[in-house]
Amino acid sequence: PGPTSFYKRLTSKRGGHLHKHGRRPKRVLFYNDTMNLLLILFVLLVGGGFGFSPSGSLSSSAERTPLTSTNLCARPQTRFREVNGNILTRRTVNDFMEELPDGWERALERAIEGAIYAPNHKRTEPWKFYLLGETAIEKVCRLNASLVASKKGEDAGAKKLARWLKMPGWLVVTCALSEGVESMAEPTSVLREDYAACCCAVQNLCLSLHSQGIGTKWTTGPVNFHPDFASAVGFDG
């Protein structure tokens with residue numbers, strides 16, 4: 001089979017939150033029974049996440065591989081072909097398989113690990129990654145369908161809902177806002193730098209998943225900015 005997206009297989013309907021940050025990144029996975037959501041790590045594909053007190057956690061550490069002149073220069077042409085080939089063959093995927101592939105959880109962990117090594121000028125590490133559970137996915141899909149229906153009619157909204165509900169995995173990436181943050185209109189503002197860093201992280205994530213045979217679609221549609229989006233994914237829970 002061709003590229004897929006990581007989607008469903010979250011049949012437990014539980015919620016959680018996988019949080020990545022720090023110079024030596026940590027993975028922490030939280031579960032929350034009441035939210036019926038699983039937050040894991042990123043917003044690439046449609047999205048949603050939540051903030052809440054964890055009832056349990058799972059953690060591990062990821063060590064950086066030391067960069068030396070030896071391993072950087074080893075097989076440079078091979079390294080170039082592999083990296084450049086991955087960049088040139090990545091595509092936005094619109095038609096996904098209805099089930100996630102075996103091993104998608106580990107693939108996602110690896111992708112997130114790569115994502116957080118994105119350039120980050122101010123070293124603020126503003127990203128958080130959330131993987132949605134079934135309840136949150138349905139809420140987001142229905143919210144989006146209602147927006148489509150209000151503009152294009154009920155039939156268009158119903159078609160959009162049916163299409164979105166078939167997508168097997170939904171991830172949300174958020175960008176933190178610091179107190180007293182400047183306007184995005186200011187070229188050197190922390191807000192603008194942080195948004196750029198998150199975009200770089202998402203690109204890293206997409207490329208990593210692509211290299212592992214998993215397709216993605218990075219979207220920032222109107223539903224993401226609707227007032228009801230936060231409650232739909234559980235951020236206000």
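## Terms and model

Buried means under 20% relative accessible area, exposed means over 50%, and partly exposed covers what lies in between, using a 1.4 Å probe and protein chains only. With that in hand, arginine 142 counts as partly exposed because its relative accessibility is 44%.

This is a predicted model, in which local features need pLDDT of at least 70 and side-chain atom pairs count only at pLDDT 80 or more, while totals for chains, interfaces and linings use all residues. Residues are numbered from 1 along each chain as its sequence is written, and side-chain values use heavy atoms, with hydrogens and water left out.

## Salt bridges

Side chains of opposite charge can pair when their charged atoms come close. The structure holds two salt bridges, the criterion being a side-chain nitrogen of Lys or Arg within 4 Å of a carboxyl oxygen of Asp or Glu. Let's take arginine 142 again: its partner is glutamate 138, and their closest N and O atoms are 3.0 Å apart. Both residues belong to helix H4 (residues 134-152), four residues apart, about one turn of the helix. Helices here are DSSP runs of H or I with at least four residues, strands are runs of E with at least two, and both are numbered from the N terminus. Glutamate 138 is partly exposed, at 37% relative accessible area.

The other bridge joins arginine 106 to glutamate 109, with 3.4 Å between the closest N and O atoms. These two sit in helix H3 (residues 104-115), three residues apart, again about one turn of the helix. Arginine 106 is partly exposed at 38% relative accessibility, and glutamate 109 is partly exposed too, at 29%.

## Aromatic pairs

Which rings count as a pair? Those of Phe, Tyr and Trp (its six-membered ring) do if their centres lie within 6.5 Å; planes under 30 degrees apart are called stacked, over 60 edge-to-face, and the rest tilted. By this rule there are two aromatic pairs. In one of the pairs, tyrosine 130 and phenylalanine 235 have ring centres 5.0 Å apart and planes at 85 degrees, so the pair is edge-to-face. The pair links distant parts of the chain, 105 residues apart: tyrosine 130 is in strand S4 (residues 127-131), and phenylalanine 235 is in the segment after helix H7 (229-233).

Are these two residues buried or partly exposed? Tyrosine 130 is buried, with 6% relative accessibility, whereas phenylalanine 235 is partly exposed at 28%.

## Glycine 85

Helix H2 (residues 76-89) contains glycine 85, which is partly exposed at 26% relative accessibility. The C-alpha atoms of glycine 85 and serine 211 are separated by 9.5 Å, although the two residues are 126 apart along the chain.
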